[in-house]
Amino acid sequence: MIESYNLFTIGSWLVRNDSKVQLPVMQRGFVWKPVQIERVWDSILRGFPVGAFMLSKATDDTKWLFDGQQRSTSIALGLYSPWEDDITTIGNAKQLPVIWLDLNSKQNSYEQKFVVRAVTQSQNIKTTILFINSFTLLS
């Protein structure tokens, strides 16, 4: 059976303690780099497909997320606010990067309305500035 989920539902799968979608024990940790998170959000905001999620029924109410953990975690990261939400973990991510849209970037062109950026907690301000200055726009 094919089911449809919106971004907010997918983003809540690995955040809420009472979520009906769980990661199986065999799943690897969250390993995506900031650029991969940026690319999935760039695709979402442009209306491009980001792939399917493979869920398997575990119990009456619970489903296992077998494929799509990296994408669903990235979606959750883009929907939470590190300044407002009381969230310390998303799925099995060890550190939560901060993601934001830069709507007024000097790198924007007439074809691009925004730039998606992600910065991890382990990056200091100098690294962050270098990261922003070396950011390449996705075409």
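Colleague: What makes a residue of this predicted model count as buried?

Modeller: A residue is called buried when its relative accessible area is under 20%. In this chain of 139 residues, 38% are buried.

Colleague: Which residues of helix 2 are called buried?

Modeller: In helix 2, Pro34, Ile37, Glu38, Val40, Trp41, Asp42, Ser43 and Ile44 are buried, so each of them has under 20% relative accessible area.

Colleague: What is the volume of the largest pocket, and which residues are closest to its centre?

Modeller: The largest pocket holds about 420 Å³ of space. Its lining has 19 residues, and Ile2, Glu3, Tyr5, Phe53 and Leu55 are the closest to the centre. Helix 1 (7-12) and strand 2 (54-57) are the elements that each give two or more residues to this lining. Strand 2 gives the most, four residues.

Colleague: Why are 13 residues in the lining of the largest pocket called nonpolar?

Modeller: Ala, Val, Leu, Ile, Met, Phe, Trp, Tyr, Cys and Pro count as nonpolar, so the 13 are residues of these kinds. The lining also has three polar and three charged residues.

How values were computed. Residues numbered from 1 in each chain as written. Predicted model: local features only at pLDDT ≥ 70, side-chain atom pairs only at ≥ 80, totals over all residues. Heavy atoms only, no water. Buried < 20%, exposed > 50% of the residue type's maximum accessible area, 1.4 Å probe, protein only. 1 Å grid on protein atoms, 1.4 Å probe; cavity = no way out; pocket = protein on both sides within 12 Å on 5 of 7 lines; lining within 4 Å. Points joined across faces, edges and corners; volume = space filled by probe spheres on them.
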